[in-house]
Amino acid sequence: MNSKQKSIFKLTAVFVVIAILVLVALVGVGDALPGVFSDGAINKGLDLVGGSYIVYEADIDEADENLADNMNAVKSMMRSRLDTLGYTEGTVTLSGDRRVIIEIPNISDPEEAVQKLGSTAVLQFVDYENNVILEGSDIVRADASYGDATGRGYPTWFISLKLSDEAVKKFSDATLRVSKLKDNKNYIAITLDGEQLSAPFVTEQLTMSDVVITGNYDQESAQWLAGVITSGQLPFALREVQLDSVGPTLGEKALSTSIIAGGIGIALVMIFMIVMYRLPGAIASIALVAYIAMTGIILVLFQINLSLPGIAGIILSIGMAVDANVVIFERIKDELRIGKSTGAAVKSGFKRAFTAVLDSNITTLIASCVLWYFGTGTVQGFAITLFIGVLLSMVSAIIITRILLNSLVGLNVRNPKLYGA
């Protein structure tokens, strides 16, 4: 295969891949990966689809000198529970000195929201007579796992617990006593605010700090129960003082309008790139289409909650993708102006621009990681979409654009005027 045939092959392969990406993004692949415009394909935040609004108040009678610290602990634990349940776009804010406000998207029934959140999170392990054996503070960690926990030769979902040192002795004594009970009384129930979540049977004394809970769990129920247990027990009980269903602040109609406006903006950017840089601008526009398709696929595939800050992260990363192409193409034009051949100018332009493009993208990736680690709620949503967008913009600008331009040079498309010189 000569160089011309290799160029044709690369050009064809890239266009086929882009066409497949666009097709998958628009149409999807069966039920596993619906198209981005399908109903429910992309999880939307509270500001786009509405959700539930819950207000809790600390249920304490006397003055608490540690109230401020305990309310911050409540906020942190509720935030952790939202993240565990996958509601990264949910918000937790303190109001006054005793209230905490929680907003959860995509749940229109506030009662369902309370149930999913775990209500006021007083976690206990009790026997059949409701004698408390362990409390939430006795659990160091809980994880949902998949494997052969029973030793019977077939894998199932189960929950693995790590008990604190102080809890091991209590749990050992309790399991010895409970395991000897008859008439199906040999169980230890896991309760949340008095409501039974699970009641695994105990058949032997458990003396270790590592405990396995088995049952008819699927992935979702195992992860939910592990998340509830891991979140621990709040410093005091909370009572619900307000449950409301809230509508979207942006709405489906406004969202559709925003999509149209975004499409017009992208089209204008493509026109500008083609006018300014001609053939490379057209190539960059094709790469931008691939970028948008890949972004949509990832949003659907990983069920990332999309809110207004998340959309802002995507728009910002689109700008960075175009900016990277501008830097590269300006370098190519500089090389052509000093008399280099088209092939040498394209090669040198990418090489000279690579460091600047890489540095700017790496610093943005670091910033998005910091925002995700230290931020909560919508800040994390912005950080996630920005991180994904920047990674994909590097693929778009550095890989796709480079392959297409080098392939065209290999096909003797070398007129400097076509490259903006």
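In this predicted model, helix H1 passes helix H11 in a left-handed crossing. The protein contains eleven helices and 13 strands, and 44% of its 421 residues count as buried. Among contacts with a separation of 6 or more, 73% join residues 24 or more positions apart.

**Packing of H1 against H11**

- Helix H1 covers residues 3–27 and helix H11 covers residues 378–410; their axes come within 8 Å and cross at roughly 145 degrees.
- On the H1 side, the residues in contact are Lys4, Ser7, Lys10, Leu11, Val14, Phe15 and Ile18.
- Their counterparts in H11 are Ile400, Ile403, Leu404, Ser407, Leu408 and Gly410.
- By class, this contact of H1 with H11 comprises eight nonpolar, three polar and two charged residues.
- An α-helix has 3.6 residues a turn, so residues three or four places apart point the same way.

**Helix H9**

- Helix H9 runs over residues 308–337, a total of 30 residues.
- At 1.5 Å a residue, H9 should span 44 Å, and its end C-alpha atoms lie 43 Å apart, so the two values agree.
- Gly339 follows H9 and has a positive phi, near 100 degrees.

**The three-stranded sheet**

- Strands E8, E9 and E12 form an open sheet in the order E8-E9-E12, with antiparallel pairing.
- Strand E8 (139–147) and strand E12 (210–217) are the edge strands, each pairing on one side only.
- From one strand to the next, the twist averages 25 degrees.
- Eight bridges join E8 to strand E9 (residues 156–163) in the antiparallel sense.
- Within this pairing, Gly147 has Thr156 of E9 as its bridge partner.
- Strands of a sheet pair through backbone hydrogen bonds, either parallel or antiparallel.

**Loop residues with positive phi**

- Asn130 is not a glycine, yet its phi is positive, at about 65 degrees.
- The loop between strand E6 (123–126) and strand E7 (132–135) holds Asn130.
- Asn130 has 58% relative accessibility and therefore counts as exposed, the cut-off for that class being over 50%.
- Asp183 is likewise a residue other than glycine with a positive phi, in this case near 55 degrees.
- Asp183 is placed in the loop between helix H5 (165–178) and strand E10 (189–192).
- Because its relative accessibility is 67%, Asp183 counts as exposed.

Methods:
Residues numbered from 1 in each chain as written. Predicted model: local features only at pLDDT ≥ 70, side-chain atom pairs only at ≥ 80, totals over all residues. Heavy atoms only, no water. Axes fitted to C-alpha atoms, helices over the stretch in contact; angles between N-to-C directions. Helix = DSSP H or I, 4+ residues; strand = E, 2+ residues; numbered from the N terminus. Left-handed = near helix turned anticlockwise from the far one by under 90°. Contact = heavy atoms within 4.5 Å. Nonpolar A, V, L, I, M, F, W, Y, C, P; charged D, E, K, R; others polar. Expected span 1.5 Å × (residues − 1). Pairing = 2+ DSSP bridges. Buried < 20%, exposed > 50% of the residue type's maximum accessible area, 1.4 Å probe, protein only.
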